[in-house]
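Hi,

Here is the structure I promised to hand over.

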Amino acid sequence: MCRSAVALVCGLPGSGKTFLVESVFRRLDDKRSAKKSLVEVSTDFLPYINLFWINFDQLVPLSVQKELINESGAWKRCRKDIFCAVECFFHYILGLKSSCTSLTDNVKNYLEKLIQMNRKSTMYNCNVFLIEDNFYYQSMRYEWYQLARKLQMGFCQIYLDCSKETALSQNLQRKEKVSDDAILLMAERIEIPNVNINKWEKNSIIINVENGLGNHHAYSNRDEVLDVFDKALKNPETPAVVDNLTKVTSQKICSMNAVHQIDLILRRLISEKIQRERVSNMDRESLKTFSTCVARARPKIIEKLKLGEISMNKDILLAIEEGRGFDVIVELRNTLESILDSFVE
């Protein structure tokens, strides 16, 4: 049976993400070699998987990233282009009818890079796509979960947990270094996977690398990483069911509680957006303009929601109007973030 999964490898710069991924590749090769010497046939997906590695820093070198973050909105557009290219890459590898039409030159270039970087990874029927990036906000990770669900792929996360001191120390050993200020701000803002709040993060492991990710430590964790791949492959996500009639007839927010909850979440999202632009070293004048633009979007969004001019899922509205906002806080947050993005761009 052919199955596929998305596996996010996340954590601060310098936490050892690349070191761990390389170790997992070696461990998978070892398991394949061991299987060849056995007579019995295993029903496990592992080790018979194609392991694809999608590293943001390889697609866009840090030197280029530094140039992009100095241009207002450029790094954000770059990340969107990468996301689009990866989705097309999924379709390419999985043999699905591609929805990727009229691609920009940037997306085409990223797609070509992805294909070139993963030419030797198509021997088996099952696929795990390793996406390596910082992913310090859960909303950054959630869009990849949504893509996995859309394509009925498994989903898992490997989070490398370390202190800012350890990250700063290990960052010094990199050929291309991330600025200390960026690491410190990420350390303040980073949101660790929380399976108790976010059900979609249920298939996650947290690896403590406080003392560094040396050879022995990597060896002790890489089997755990392979196990979470196996679990993701065996439990693919299912697409969300959209009730178009409900969507049309239940768009308005009516209660004061719903307005209050949405307002609180929008305020936090706006604060996070401004912080992200600040960490990207946006110049003071551009940051001021951006902050004003984002802040003005909040009352406009709430007004349009009240009038029913912006779609909102009925179940979400019902939950927050009945005081059950916590039950749907993640979905509500991500819905509002998408709406906010459309107002800011």
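Setting aside neighbours within four places in sequence, proline 236 is in contact with Arg3, Gln152, Met153 and Gly154 (contact means heavy atoms within 4.5 Å). Proline 236 sits in the loop between α9 (215-234) and α10 (244-249); helices here are DSSP runs of H or I with at least four residues, strands are runs of E with at least two, and both are numbered from the N terminus. At 33% relative accessibility, this proline counts as partly exposed. The cut-offs are under 20% relative accessible area for buried, over 50% for exposed, and partly exposed in between, with a 1.4 Å probe and protein chains only. The C-alpha atoms of proline 236 and alanine 148 are 8.2 Å apart, although 88 residues separate them along the chain.

Before you read on, two notes about the source. This is a predicted model, in which local features need pLDDT of at least 70 and side-chain atom pairs count only at pLDDT 80 or more, while totals for chains, interfaces and linings use all residues. Residues are numbered from 1 along each chain as its sequence is written, and side-chain values use heavy atoms, with hydrogens and water left out.

Now the overall picture. The protein chain has 14 helices and 5 strands, and 51% of its 345 residues count as buried. Among contacts between residues at least 6 apart in sequence, 81% join residues at least 24 apart. The chain exposes about 17900 Å², with carbon and sulfur atoms supplying 50% of that (areas are from the Shrake-Rupley method with a 1.4 Å probe, and for residues only the protein chains shown count as cover).

Next, strand β2. All 7 of the 7 residues of β2 (residues 49-55) are buried, so the strand is largely enclosed by the rest of the structure. Ile49, Leu51, Trp53 and Asn55 point one way, while Asn50, Phe52 and Ile54 point the other way. β2 runs parallel to strand β3 (residues 126-132), and 7 bridges join the two; strands pair if DSSP finds at least two bridges between them. One of the bridge partners is cysteine 126 in β3, which goes with isoleucine 49.

On to the nonpolar cores, meaning sets of buried Ala, Val, Leu, Ile, Met, Phe, Trp, Tyr and Cys residues joined through side-chain atoms within 4.5 Å. In soluble globular proteins, nonpolar side chains tend to be buried together. The largest core here has 80 residues, and those with the most contacts inside it are Phe89, Phe90, Ile131, Trp144, Ile158 and Phe229. Helix α4 (residues 74-94) gives the largest share of this core, 10 residues. A second, separate core of 22 residues includes Ile262, Leu266, Leu287 and Ile339.

As for the length of α4, its 21 residues should span 30 Å at 1.5 Å a residue, and its end C-alpha atoms are 30 Å apart, which agrees (the expected span is 1.5 Å times one less than the number of residues). Just after α4, glycine 95 takes a positive phi of about 70 degrees.

Which residues other than glycine have a positive phi? Phenylalanine 135 is one of them, with phi near 45 degrees, and glutamine 152 is another, at about 60 degrees. Phenylalanine 135 lies in the loop between β3 and α6 (138-150) and is buried, with a relative accessible area of 0%. Glutamine 152 is in the loop between α6 and β4 and is exposed, at 52%.

Two last places to look. Serine 163, in the loop between β4 (154-161) and α7 (164-171), counts as buried at 19% relative accessibility. Its side chain makes a polar contact with the side chain of threonine 166 (3.2 Å); that term covers N or O pairs within 3.5 Å where, within protein, one atom can donate a hydrogen and the other accept it, and residues adjacent in sequence count only if both atoms are side-chain atoms. Leucine 185, in helix α8 (residues 180-189), touches Gln275 and Val279, leaving out residues up to four places away in sequence.

Cheers
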